[in-house]
Amino acid sequence: MFVFNPVQENTYIIWDETGECAIVDAGCFNQKEFEKLDGFIKSKNLTPVKLINTHGHFDHIFGVEQCRKAYNLAWESHYGDNFWVEGAKEKAAMFGIPIHPVSIAEVELNDGDEINFGNSSLKVIHVPGHSPGSICFYEEKSKILITGDVLFNGSIGRTDLPGGDYETLITGIQSRLMILPDNVDVFPGHGPATTIGDEKARNPFLS
Ligand SMILES: [Zn+2]
Ligand SMILES: [Zn+2]
């Protein structure tokens, strides 16, 4: 996990024994942050084969173009957030943050899709409400769940941005994520990791 950009977003690299890896939410903001990511990939001898996103908010896509080019990858995300990607410059400017334009994903990810790399498989779980195109990635064997801004340690994603909806988000978290085993490790888009069991027991939004 890397914490990148002025919004302190978590970028993840997932890999297995084959050395193939997936880059999730490339949020590296500048050359220095990209070199941190790239340096890690090189030091571990990893081969990036997937470039995927939990959603299209600008804080999660700063590094997408650079990773696309550097690793010659097609970007994959849910098309429900294409309006966020297309409007990234204007939206980021409202927060006083500059961003280079990012083209929408080459590959659309939808609920139930499987993203395969190495010996690993990530299942796509669509949980809208923070944004229309928010998806989570679940690796069943190692019991890891990457939640983007859907579910945080002790909190949930904000629902006041365009395309957000509180009821939709809560319903989605309860019906799609809280049914997973308690010992699933949850890696959110901001802040520290948690588990499904801990969130079930302690998250004030889910009681
Ligand atoms: Zn977000
Ligand atoms: Zn975010």
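Visitor: Is I170 buried or exposed?
Guide: I170 counts as buried, at 13% relative accessibility. Buried means under 20% relative accessible area, exposed over 50%, and partly exposed in between, with a 1.4 Å probe and protein chains only. Before going on: this is a predicted model, where local features need pLDDT of at least 70, side-chain atom pairs count only at pLDDT 80 or more, and totals for chains, interfaces and linings use all residues. Residues are numbered from 1 along each chain as its sequence is written, chains are lettered from A and ligands numbered from 1 in the order in which they are written, and side-chain values use heavy atoms, with hydrogens and water left out.

Visitor: Which element holds I170?
Guide: Helix α5, residues 166-177. Helices (H or I, at least four residues) and strands (E, at least two) are DSSP runs, numbered from the N terminus.

Visitor: And how far is I170 from P128?
Guide: Their C-alpha atoms are separated by 9.4 Å, and the two residues are 42 apart along the chain.

Visitor: Now the metals. What are the protein donors of the zinc ion (ligand 1)?
Guide: H55 through NE2, H57 through ND1, H130 through NE2 and D149 through OD, lying 2.1 to 2.3 Å from the zinc ion. Donors are N, O and S atoms within 2.8 Å of the metal (3.2 Å for Na, K and Ca); water is not among the atoms, so sites may look incomplete.

Visitor: What spacing do those donors follow along the chain?
Guide: H-x1-H-x72-H-x18-D. H55 is in the loop between β4 (47-52) and α2 (64-71), and D149 is in the loop between β10 (144-148) and β11 (151-152), so this pair links distant parts of the chain, 94 residues apart.

Visitor: Are H55 and D149 buried or exposed?
Guide: H55 is buried, with a relative accessible area of 1%. D149 also counts as buried, at 4%.

Visitor: What are the protein donors of the zinc ion (ligand 2)?
Guide: D59 (OD), H60 (NE2), D149 (OD) and H190 (NE2), lying 2.1 to 2.3 Å from that ion.

Visitor: D149 again. How far apart are the zinc ions that D149 bridges?
Guide: The zinc ion (ligand 2) and the zinc ion (ligand 1) lie 3.5 Å apart, with D149 bridging them.

Visitor: Are D59 and H190 buried or exposed?
Guide: D59 is buried, at 6% relative accessible area. H190 counts as buried at 17%.

Visitor: Why is the arrangement around the zinc ion (ligand 2) irregular?
Guide: Because its 4 donor atoms subtend angles of 89 to 156°. Four donors count as tetrahedral if all angles lie between 85 and 135 degrees; four count as square planar and six as octahedral if opposite donors are over 155 degrees apart and all others between 65 and 115; anything else is irregular. The site of the zinc ion (ligand 1) is irregular as well, with angles of 90 to 168° among its 4 donor atoms.

Visitor: Switching to cysteines. How many disulfides are there?
Guide: The count comes to 0, taking a disulfide as a pair of cysteine sulfur atoms within 2.5 Å. C28 is in no disulfide, and the nearest cysteine sulfur, that of C67, is 4.5 Å away. C28 is buried, with a relative accessible area of 1%.

Visitor: How do α1 and α2 pack?
Guide: Helix α1 (residues 31-43) and α2 pack at an angle of about 40°, with their axes 11 Å apart. That makes α1 oblique to α2. Axes are lines fitted to C-alpha atoms, for helices over the stretch in contact, and angles run from 0 to 180 degrees between N-to-C directions. Under 35 degrees counts as roughly parallel, over 145 as roughly antiparallel, 65 to 115 as roughly perpendicular and the rest as oblique.

Visitor: Last topic, the backbone. What is the phi of Q8?
Guide: Positive, about 60°, although Q8 is not a glycine. Q8 lies in the loop between β1 (2-4) and β2 (9-15), and is partly exposed at 49% relative accessible area. K143 has a positive phi too, of about 55°, and is not a glycine either. The place of K143 is in the loop between β9 (135-139) and β10.
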